[in-house]
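Have the viewer open as you read.

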Amino acid sequence: MFLAHTARAQQLDTTEYTLRVDAKKTINNSAIDGKAGFSAYKSYATRSIAQLPGFRPATVKLSKYGGRLDKRSKATGFFHVEKINGRWWAIDPAGYYFLHNAPNDVQPGRSERTQKALKDKFRDPAGWMAGTRKFLLENGFNGTGAWSATKEIQAENARADKPLAYTVNLDFMSKYGDKRGGTYVQPGHKGYPNDVIFVFDPGFEAFAEEHAKQLAQYRNDKNLFGYFSDNEMPLLRKNLDGYLKLPQTEPGYQAAKKWADARNITLETITDEHRQQFLAYAADRYFSIVAKAMKKYDPNHMYLGCRFHGAQRYYPELMRVAGQYLDAISINYYNNWTPEPRWVREWEQTAGKPFIVTEWYVKGEDAPGLANTAGAGWVVRTQADRGLFYQNFTLGLLESKNCVGWHWFKYQDNDPTIVGAEPSNTNANKGIVDNYLNPYTPLLDKMRELNQQMYPLADYFDQRQPK
């Protein structure tokens, strides 16, 4: 199912997609044994701002948060989302329409060469953060995504006339797993026994309550865009089988066995419909426990979900449950050159909520010293091609009318000189700056062009007739 949808998405080609960009994919990505390789280059239909008939760039004045001053709704003092005239918007604390546009992992980097560059260019971490805030704003970004330098951002925001809208990862399940034991490292995210989370453990609810107490420190921060509760958990249709194959002493086995027995189901008689029903049951338990704990200690900020990945975006039962508890559905969106029109529509219809793309990127073959065998996503020939991919993909998000933001993965390239790095982040050109903190200008030229026009582009797609 997953591969079929991906293949269909790549056939998208209209009179607007007149550019062609060569791209290839990594095979066995994130392998640490040197066996990763690449597919052959293929040419993909691509659209940029220049291909949009009748679009005229415009200047929109912005609020201090980056919202558009020409369109306003109710001000609550915090970021929230609303559907207005058929389009979903985030609303900034002052009430202005807003789209959250950010890189992930805005950190100064810990390698020796990056630390030397930071000292040479910015003197210290506070200087780096001040310079980076200005750099992001100059290139049309208005915030930071997951895994960013929260304390430094908060300190800089306190001094700044134009703060960054930041996000916080809370890692409820993965932190519980660290405490409980049994989890392990795998490329991109935490691994769990039998690919099932510990959501049925009797101790998880008490842990979530205690873990959520930290939210009190953010409760009144107007600059916090929202929270992620975890990253890329294995909420999958094979979960029922996985739980039933756990040792019988495990709470997850006992919960699944009780659920199955009530329906006269055994491992041998499970159907796909049973798997979907159980996935919804497990997901409801996770989201309900976490949402209750979060809202108890911080009722002011948005819950942005747990960053769905892979085939999860094709699971209506998962979207339906998530929509009951989340303010926006976060999706790490890989392996598609262009957003899939059917799915960006159905996510909103099923969940009743907007979505936000929380990871996506393309790597350039012209980045010196980076083999690009780590991580998911595409590889293209040049930084300019990376910029065309950014415009093509983001135009599809804006066209959907259901997307309230996008977070590029990430701020800085992976540094191969760091020993012991997480396997998907070892040698890849994912950044908007390199490991000496130098910007990739051809990429940023295209990013900035789109970022500074994202509000006029939303208006353009709202006004033109559907095809």
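1. Start with E209 and K296, which form a salt bridge with their closest N and O atoms 2.7 Å apart. The term here means a side-chain nitrogen of Lys or Arg within 4 Å of a carboxyl oxygen of Asp or Glu. E209 sits in helix 6 (residues 202-211) and K296 in helix 9 (residues 272-297), so the pair ties together parts that are 87 residues apart in sequence. Helices (H or I, at least four residues) and strands (E, at least two) are DSSP runs, numbered from the N terminus. E209 is partly exposed at 26% relative accessible area, while K296 counts as exposed at 52%. The cut-offs are under 20% for buried, over 50% for exposed and partly exposed in between (1.4 Å probe, protein chains only).

2. A word on what you're looking at. This is a predicted model, in which local features need pLDDT of at least 70 and side-chain atom pairs count only at pLDDT 80 or more, whereas totals for chains, interfaces and linings use all residues. Residues are numbered from 1 along each chain as its sequence is written, and side-chain values use heavy atoms, with hydrogens and water left out.

3. How far can you trust it? The mean pLDDT (the predictor's confidence in each residue, from 0 to 100) is 94, and 96% of the residues reach 70 or more. Residues 1-10 are another matter: pLDDT stays under 50 there, and the model has 26 contacts for them beyond four places in sequence. A contact means heavy atoms within 4.5 Å. Where pLDDT is low, the predicted coordinates should not be read in detail.

4. Back to charges: the structure holds 31 salt bridges. One of them joins E365 to K24, with the closest N and O atoms 2.8 Å apart. That pair links distant parts of the chain, 341 residues apart: E365 is in the loop between strand 17 (362-364) and strand 18 (378-380), and K24 is in strand 1 (residues 19-27).

5. Elsewhere, salt bridges that share partners join E16, R47, E399 and R464 into one network.

6. Now the inside. Leaving out residues up to four places away in sequence, M173 touches Y192, I197, F198, V199, F204, D230, M233 and Y286.

7. Have a look at L240 too, in helix 7 (residues 239-244). L240 counts as buried, at 0% relative accessibility. Beyond four places in sequence, L240 touches A256, W259, I270, H274 and F278. The C-alpha atoms of L240 and A260, 20 residues apart along the chain, are separated by 8.7 Å.
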